[in-house]
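Hi,

Here's the structure I promised to pass along.

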Amino acid sequence: MKKLSSAPKSGLHGTIVVPGDKSISHRAIMLGSISEGDTTITHFLEGEDCLSTLQAFRDLGVEIDKTDDKVVVHGKGTGQLHASEHALDMGNSGTTTRLMMGLLAGLPFDSKLVGDASLSKRPMKRVSEPLKEFGVTIETNDGKLPATVKGGSIHAANYQLQVASAQVKSALILASLFADEPSAIIEQLPTRNHTEIMLNQFGANVKTADDDVTITVQPHPKLKGQTIYVPGDISSAAFFMTAAAIIPGSDVVLKNVNLNPTRTGVLKVLEKMHADVTVTELPSKGEPIGDIRVKGSKLTPIQLTAADVPALVDEIPLVALLAACADGVSDISGAEELRVKETDRIVAIATELRKLGVQVEEKPDGMIITGRKDWQVNDHHLDSYGDHRIGMMNAIAALRTDEDLFLQNPESINISYPNFFQDLAEINGGE
Ligand code: S3P
């Protein structure tokens, strides 16, 4: 149980360099591991999820050196990968599991994947079923982990995705690298495209058509090790962007944040809610980056629909919190994917905001939130549900009240942001 801090009357002030992007850190380890030559990764996210990916590739025979300031993956092509002596432990990480299912399908051995209690409840058929179309067999436990990927034989396919999911898309792209001919993967809606960008950087030929949803993958590229600087994670920055927006008098700068347009939905939401946000783009060679400055302001309600969701899927707990502070009624729809995240985030958000006295009506695919200036806390014990983003949402919400609030299970935050409370203290007068 951790006691949470309130914000000072003068608001939150300061500058934070947020940790490296989780999605990009995973992919850098994966692509480095199947390339020829060293891949040097700086600003790698040392959250538990990315460490699960790193350990899995070590277990598959890849030499990976990690020091305080960099990770070096000694790639020797796919030939160096061999079956792990024990089941690969995916920990809490859906991204590791789903992307690796696609990648392992192309390697000439079988792999068993296991995960923690939360991951073992999450749906894996969304990857195993489409991979069937590519000739791949994945044995699952009724669509869940543990699963065994039967590696070694992949044929090309044209596949239309049934869910808007970058994890599923990426699994199919990675499998397509090992196919006999080019494959096409067609998305429902554009989702984060870090796999496509990074694969091309490593020397692959992955093209996205002008419709933004049709991706063609040429098989058997010669991938070469690269130097990767992982930009700051906008999904981590978003906690402090939200904090600054909801605490009057705040002025907070987030440095070197990834501004890939498939991830910046939260900036659009803040703009629509009339938050005071300034983005300064910085020169960069790969993914776009910039500094984001947010000041406290009066917020208006927001309407979110399915088309808005992929670019802010991980930020919806924060959109809900912003809505809880806005003047009026907000409506979040088309977000049923939240039900299958680390926990059912629709239930978790509704339960936690209600403890603060906010009116939340749950819908199958979202929620209706009536914002209010003064919350009336009716339960001082908040819960993370073992979900890092719900834990951090609660810590940011707590800033807004003078009541003593406590967070159950704060360790879950280490999944994506081990220094979260230190960074929060930076802008919260050391609290
Ligand atoms: C991710 C994709 C998203 C996101 C997750 C990371 C990725 O999941 O929620 O945190 O790195 O590809 P879905 O693909 O399930 O939407």
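Which residue does the side chain of Lys-363 meet in a salt bridge? That would be Asp-331, at 2.6 Å from N to O. Before I go on, bear in mind that this is a predicted model.

Back to that pair. Lys-363 sits in strand β20 (residues 359-363) and Asp-331 in strand β19 (residues 329-332), so the bridge ties together parts that are 32 residues apart in sequence. Lys-363 counts as buried, at 16% relative accessibility, while Asp-331 is partly exposed at 24%. The cut-off for buried is under 20% relative accessible area, so Lys-363 at 16% falls inside it.

The rule gives 25 salt bridges by its count.

- Lys-22 and Asp-49: their side chains meet at 3.6 Å, N to O. Lys-22 belongs to helix α1 (residues 22-33) and Asp-49 to helix α2 (residues 48-59), so to speak distant parts of the chain, 27 residues apart. Both ends are buried: Lys-22 has a relative accessible area of 9%, and Asp-49 comes out at 2%.
- Asp-402 and Lys-9: the closest N and O atoms are 3.4 Å apart. Asp-402 is in the loop between α11 and β23 (405-408), and Lys-9 is in the loop between β1 (2-4) and β2 (13-17), so this pair bridges 393 residues of sequence. Here both residues count as exposed, Asp-402 at 58% relative accessibility and Lys-9 at 72%.

Now the domains. At the interface, 29 residues of domain 1 are in contact with 25 residues of domain 2. Together the two domains bury about 2,300 Å², with 52% of that on carbon and sulfur atoms.

What about polar pairing across that interface? The rule finds 14 residue pairs in polar contact between domain 1 and domain 2. On the domain 1 side, β15 (251-258) and α11 (388-398) each supply at least two of the residues that touch domain 2. By class, that side of domain 1 has 12 nonpolar, nine polar and eight charged residues. Three salt bridges also turn up across the interface.

Glu-342 and Arg-122 are worth a click too: their side chains meet in a salt bridge at 3.9 Å, N to O. Both are part of a network of salt bridges that also links Arg-192, Asp-314, Arg-345, Asp-387 and Arg-389.

One more element to look at is helix α5 (residues 166-176). Of its 11 residues, 11 are buried, so the helix is largely enclosed by the rest of the structure. The buried set includes Gln-167, Lys-169 and Ser-170 as well as Val-168, Leu-172, Ile-173 and Leu-174. The N-terminal end of α5 is capped by Ser-165, with a side-chain oxygen 3.2 Å from the backbone nitrogen of Gln-167.

That's what I have for now.

Cheers

Note on methods
Residues numbered from 1 in each chain as written. Predicted model: local features only at pLDDT ≥ 70, side-chain atom pairs only at ≥ 80, totals over all residues. Heavy atoms only, no water. Contact = heavy atoms within 4.5 Å. Buried area = accessible area lost by both parts, 1.4 Å probe. Salt bridge = Lys/Arg side-chain N within 4 Å of Asp/Glu carboxyl O. Polar contact = N/O pair within 3.5 Å; in protein donor to acceptor, adjacent residues only side chain to side chain. Helix = DSSP H or I, 4+ residues; strand = E, 2+ residues; numbered from the N terminus. Nonpolar A, V, L, I, M, F, W, Y, C, P; charged D, E, K, R; others polar. Buried < 20%, exposed > 50% of the residue type's maximum accessible area, 1.4 Å probe, protein only.
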